[in-house]
Amino acid sequence: MEQKDDFVQLFFKTLAIILCVATIVVGGGYCLWLYLTKDITGEVFTPNISVDIKSEFIYDKSTVKDYSVNELNTNILSWRENGAPAKEENVTNILLLGIDTDSENMNLNSRADAMVIVSINHNTRKITLASILRDQYAYVETNKNKGFEKFHHANSYQGPSAQIKMIEQYYKVSIDNYALVNFYSLPKIIDKLGGVSINITKTEKEYMNTSWGTKVKEGLNTINGETALIYMRIRHQTGGDEARVTRQKQVIKAIINKLKTKNATAVASLITEINGYVRTGYTSQELLDLAINAVSGGWLNYEIAEFSMPDRECAGEITVNGIWYWKVDYPRAAQKLQLALYDKTNILFYPDRKAWIK
């Protein structure tokens, strides 16, 4: 049963590769599968070394003397260099990345406009969509750059492997693999699915119709890929970054619901059409193995929960050199994210620990 449950990885790794089930169901062979998916996989991703969530990580350097930027910098450097990402045997974490390029070339790297960890917990039978806010003040170090800047810049320097490393260093959760789409590919994937159904608020409707020329209504709409992308990207006038990441998760859930309505024949015809629209670190063989073990996985019955980090309990606002950031108490944020994904944490604090933010 554990192998069958691993099918949950398939959809989230690629946002659409789940469609491979039909290749198996309707009799597609291994050679056909390799042909169809040859352009989907990017560089093979090897997970980083991690520790079992049951191990204890007592962080004894988390007190602060003041709240100046210099002290915050010291705290950040200390935190990222201590402790390993934690893993749990029955939990799979897949990072979905949406990058701000509009190119057919899926191998181009750019800033991560959206980061959502899709965590499948087979112990709790829960799928958690955990958004990682992009504008966090952090130390970014890649083979092309190092310094304090926004969290999501790592992907622009060195691609998904660098962004994964950032999440693992700061949030102490292991990432098993990734799927990446951009402003060009995501609308096409949604269009191939026949659009998605989204509940749109009055404020969202007014902004989208006035600023983007859409024709949505308040309430439930079936929208195409271009409109879905607009919906996911709107920010300042409709609740800021926190509201935007909620909209991103609404689209992911809508895609899941849409897939539930597809039969095997329809899915088989869709798989050829999404080729080249997703970049992932899984090989075609790995995807095939997942599909074989997945036909009766039953993962669509898992409860879906939503989560965002940082939240207001462990983050404030800061301006450095005229640039606005989230000022994050990373140890506390990491502890909360571990609890959301694993239902347990290995991060322990001394009783006299002081928060990084007022």
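Biologist: Which residues of α8 meet α10?
Modeller: On the α8 side they are Leu 186, Pro 187, Ile 190 and Asp 191. They meet Gly 225, Glu 226, Ala 228, Leu 229 and Met 232 in α10. Keep in mind that this is a predicted model.

Biologist: And how do the residues of that contact divide by class?
Modeller: The contact of α8 with α10 has six nonpolar residues, one polar and two charged.

Biologist: At what angle do those two helices pack?
Modeller: About 130 degrees, and the axes of α8 (185-192) and α10 (225-233) are 7 Å apart. α8 and α10 are therefore oblique to each other.

Biologist: Right-handed or left-handed crossing?
Modeller: Right-handed, for α8 passing α10.

Biologist: Let's zoom in on Ile 190. Is Ile 190 buried or exposed?
Modeller: Ile 190, which is in helix α8, is buried, with a relative accessible area of 0%.

Biologist: What does Ile 190 touch, leaving out residues up to four places away in sequence?
Modeller: Gly 195, Val 196, Ile 223, Asn 224, Gly 225, Ala 228, Val 251 and Ile 255.

Biologist: How many bridges join β10 to β11?
Modeller: Five, and the two strands run antiparallel, with β11 covering residues 219-223. One of the pairs puts Asn 199 with Leu 220 in β11.

Biologist: New topic, the six-stranded open sheet. What's the strand order?
Modeller: The order is β12-β9-β4-β5-β6-β13, and the pairing is mixed.

Biologist: Which strands stand at the edges?
Modeller: β12 (279-280) and β13 (303-309). Each has a single partner strand, so one side of each is left without a neighbour in the sheet.

Biologist: How many bridges join β5 to β6?
Modeller: Six, and β5 (112-121) and β6 (126-132) run antiparallel. Asn 121 stands opposite Lys 126 in β6. The two strands form a hairpin with four residues between them.

Biologist: What's the phi of Arg 125 in that turn?
Modeller: Arg 125 has a positive phi, of about 55 degrees.

Biologist: How many residues of β6 are buried?
Modeller: Six of its seven, so to speak a mostly covered strand.

Biologist: Which strands does helix α14 lie across?
Modeller: α14, residues 330-342, lies across β4 (91-99), β5, β6 and β13. Against β13 the helix runs at about 175 degrees.

Biologist: One loop residue too: where is Gly 276 found?
Modeller: Gly 276 is in the loop between α12 (264-271) and β12. Gly 276 is partly exposed, with a relative accessible area of 22%.

Biologist: How far apart are the C-alpha atoms of Gly 276 and Ser 185?
Modeller: They are separated by 8.4 Å, while the two residues are 91 apart along the chain.

Biologist: Now the whole chain. How many helices and strands?
Modeller: 14 helices and 16 strands. The chain has 358 residues, and 55% of them count as buried.

Biologist: And what share of the contacts with a separation of 6 or more comes from residues 24 or more positions apart?
Modeller: 72% of them.

Definitions and conventions:
Residues are numbered from 1 along each chain as its sequence is written. This is a predicted model: local features need pLDDT of at least 70, side-chain atom pairs count only at pLDDT 80 or more; totals for chains, interfaces and linings use all residues. Side-chain values use heavy atoms; hydrogens and water are left out. Two strands pair if DSSP finds at least two bridges between them. Contact means heavy atoms within 4.5 Å. Axes are lines fitted to C-alpha atoms, for helices over the stretch in contact, and angles run from 0 to 180 degrees between N-to-C directions. Buried means under 20% relative accessible area, exposed over 50%, partly exposed in between (1.4 Å probe, protein chains only). Angles under 35 degrees count as roughly parallel, over 145 as roughly antiparallel, 65 to 115 as roughly perpendicular and the rest as oblique. A crossing is left-handed if the near helix is turned anticlockwise from the far one by less than a right angle, and right-handed if clockwise. Ala, Val, Leu, Ile, Met, Phe, Trp, Tyr, Cys and Pro count as nonpolar, Asp, Glu, Lys and Arg as charged, and the others, Gly among them, as polar.
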